[in-house]
Amino acid sequence: MDSELVVHNGGCHCKKVRWRVEAPASVVAWDCNCSDCFMRANTHFIVPLERFKLLGDSKNFISTYTFGTHTAKHTFCKVCGITSFYHPRSNPDGVAITFKCVDPGTLAYVEIRQFDGSNWEASYGHTGIASFSKLS
(Lines give C-alpha, C1' and ligand atoms only; values in the text may rest on other atoms or scores of the structure.)
Protein backbone atom coordinates (compact mmCIF):
# COMPACT_ATOMS: atom_id res chain seq x y z
CA MET A 1 0.00 0.00 0.00
CA ASP A 2 1.04 3.58 -0.68
CA SER A 3 2.30 5.26 2.49
CA GLU A 4 2.30 8.93 1.39
CA LEU A 5 -0.43 10.73 3.33
CA VAL A 6 -3.18 12.73 1.68
CA VAL A 7 -6.06 14.64 3.24
CA HIS A 8 -9.46 12.96 2.98
CA ASN A 9 -12.67 14.77 3.93
CA GLY A 10 -15.90 13.00 4.67
CA GLY A 11 -18.87 12.57 6.93
CA CYS A 12 -22.45 11.44 7.22
CA HIS A 13 -25.34 11.60 4.76
CA CYS A 14 -26.94 14.82 6.05
CA LYS A 15 -23.50 16.51 6.40
CA LYS A 16 -24.04 17.45 10.06
CA VAL A 17 -21.01 15.29 10.95
CA ARG A 18 -17.91 16.26 8.98
CA TRP A 19 -14.30 15.26 9.51
CA ARG A 20 -10.84 15.33 7.98
CA VAL A 21 -8.36 12.48 8.09
CA GLU A 22 -4.80 12.01 6.90
CA ALA A 23 -4.27 8.60 5.31
CA PRO A 24 -2.71 7.17 2.18
CA ALA A 25 -4.64 7.35 -1.12
CA SER A 26 -4.55 3.53 -1.10
CA VAL A 27 -5.87 1.94 2.09
CA VAL A 28 -6.62 -1.43 3.64
CA ALA A 29 -10.26 -1.60 4.73
CA TRP A 30 -11.65 -4.22 7.06
CA ASP A 31 -14.91 -6.02 6.38
CA CYS A 32 -15.95 -7.17 9.85
CA ASN A 33 -18.67 -9.68 10.67
CA CYS A 34 -19.16 -8.82 14.35
CA SER A 35 -22.82 -8.42 15.28
CA ASP A 36 -22.71 -4.63 14.84
CA CYS A 37 -20.57 -4.23 11.69
CA PHE A 38 -22.39 -7.09 9.97
CA MET A 39 -25.81 -5.49 10.42
CA ARG A 40 -24.52 -2.09 9.27
CA ALA A 41 -22.39 -3.57 6.44
CA ASN A 42 -19.56 -1.36 7.70
CA THR A 43 -16.21 -1.65 5.94
CA HIS A 44 -13.62 0.68 7.38
CA PHE A 45 -9.95 1.63 7.32
CA ILE A 46 -8.10 2.52 10.50
CA VAL A 47 -5.93 5.54 11.22
CA PRO A 48 -4.11 6.80 14.30
CA LEU A 49 -6.26 9.14 16.39
CA GLU A 50 -3.76 11.96 15.79
CA ARG A 51 -4.61 11.93 12.07
CA PHE A 52 -8.36 12.43 12.58
CA LYS A 53 -10.16 15.72 13.19
CA LEU A 54 -13.84 16.47 13.65
CA LEU A 55 -14.82 19.69 11.90
CA GLY A 56 -17.07 22.55 12.95
CA ASP A 57 -19.84 21.67 15.39
CA SER A 58 -19.96 17.98 14.36
CA LYS A 59 -19.60 16.80 17.98
CA ASN A 60 -23.06 18.24 18.69
CA PHE A 61 -24.61 15.77 16.23
CA ILE A 62 -22.87 12.57 17.37
CA SER A 63 -24.34 9.85 19.52
CA THR A 64 -22.42 6.80 20.75
CA TYR A 65 -23.47 3.18 21.18
CA THR A 66 -21.47 0.56 23.09
CA PHE A 67 -22.06 -3.09 23.91
CA GLY A 68 -20.13 -6.15 25.11
CA THR A 69 -16.77 -4.97 26.47
CA HIS A 70 -17.75 -1.30 25.84
CA THR A 71 -14.27 -0.72 24.39
CA ALA A 72 -15.57 0.12 20.91
CA LYS A 73 -17.35 3.45 20.67
CA HIS A 74 -19.81 3.15 17.79
CA THR A 75 -20.55 6.74 16.84
CA PHE A 76 -23.34 7.79 14.52
CA CYS A 77 -25.10 10.96 13.42
CA LYS A 78 -28.12 11.85 15.58
CA VAL A 79 -29.89 13.23 12.49
CA CYS A 80 -29.35 10.70 9.67
CA GLY A 81 -28.03 7.68 11.63
CA ILE A 82 -24.92 7.10 9.51
CA THR A 83 -21.75 5.75 11.13
CA SER A 84 -19.04 7.57 9.20
CA PHE A 85 -16.37 6.78 11.81
CA TYR A 86 -16.02 5.06 15.16
CA HIS A 87 -13.40 4.00 17.72
CA PRO A 88 -12.89 0.23 17.29
CA ARG A 89 -12.18 -2.33 19.95
CA SER A 90 -9.26 -3.60 17.88
CA ASN A 91 -7.66 -0.15 17.85
CA PRO A 92 -8.86 1.95 20.80
CA ASP A 93 -5.95 4.32 20.04
CA GLY A 94 -7.27 4.89 16.53
CA VAL A 95 -10.31 5.73 14.45
CA ALA A 96 -12.12 3.49 11.97
CA ILE A 97 -13.27 5.43 8.92
CA THR A 98 -16.16 4.04 6.87
CA PHE A 99 -14.52 4.19 3.47
CA LYS A 100 -17.80 4.84 1.64
CA CYS A 101 -18.19 8.03 3.72
CA VAL A 102 -15.02 9.59 2.29
CA ASP A 103 -15.81 12.37 -0.18
CA PRO A 104 -15.04 11.31 -3.78
CA GLY A 105 -11.69 12.09 -5.33
CA THR A 106 -8.99 11.21 -2.80
CA LEU A 107 -9.18 7.42 -2.31
CA ALA A 108 -7.38 5.79 -5.23
CA TYR A 109 -7.60 2.15 -4.12
CA VAL A 110 -9.25 0.19 -1.31
CA GLU A 111 -8.01 -3.32 -0.51
CA ILE A 112 -10.72 -5.21 1.40
CA ARG A 113 -9.55 -7.66 4.08
CA GLN A 114 -11.76 -9.84 6.26
CA PHE A 115 -11.88 -9.50 10.03
CA ASP A 116 -13.74 -12.32 11.77
CA GLY A 117 -15.38 -10.21 14.46
CA SER A 118 -17.65 -13.08 15.46
CA ASN A 119 -14.42 -14.83 16.60
CA TRP A 120 -12.80 -11.59 17.69
CA GLU A 121 -9.87 -12.81 19.80
CA ALA A 122 -8.64 -15.29 17.18
CA SER A 123 -8.98 -12.81 14.34
CA TYR A 124 -7.29 -10.01 16.30
CA GLY A 125 -4.31 -12.25 16.94
CA HIS A 126 -3.56 -13.19 13.35
CA THR A 127 -4.66 -10.24 11.17
CA GLY A 128 -2.21 -7.60 12.41
CA ILE A 129 -5.07 -5.09 12.61
CA ALA A 130 -3.64 -3.51 15.80
CA SER A 131 -0.70 -2.07 13.83
CA PHE A 132 -2.96 0.10 11.65
CA SER A 133 -3.51 2.72 14.37
CA LYS A 134 0.20 3.19 15.08
CA LEU A 135 2.10 6.20 13.78
CA SER A 136 4.88 5.11 11.48
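The model is predicted, so local features are considered only at pLDDT of at least 70 and side-chain atom pairs only at pLDDT 80 or more, while totals for chains, interfaces and linings use all residues. Residues are numbered from 1 along each chain as its sequence is written, and side-chain values use heavy atoms, with hydrogens and water left out.

The chain contains two helices and 10 strands, which follow one another from the N terminus in the order β-β-β-α-β-β-β-β-β-β-β-α; helices (H or I, at least four residues) and strands (E, at least two) are DSSP runs, numbered from the N terminus. The radius of gyration, taken over C-alpha atoms, is 14 Å, close to the 14 Å given for 136 residues by the globule rule, so the chain is as compact as a globular protein of that length. That rule is 2.2 Å times the number of residues to the power 0.38. Along its principal axes, the C-alpha trace spans about 40 × 35 × 25 Å. Buried residues (under 20% relative accessible area, with a 1.4 Å probe and protein chains only) account for 41% of the 136 residues.

Three strands form an open sheet in the order β1-β2-β5, with antiparallel pairing, where two strands pair if DSSP finds at least two bridges between them. Its edge strands, each pairing on one side only, are β1 (5–11) and β5 (52–54). Between β1 and β2 (residues 18–24), the antiparallel pairing extends over seven bridges, and His8 stands opposite Val21 in β2.

Notes: Buried means under 20% relative accessible area, exposed over 50%, partly exposed in between (1.4 Å probe, protein chains only).
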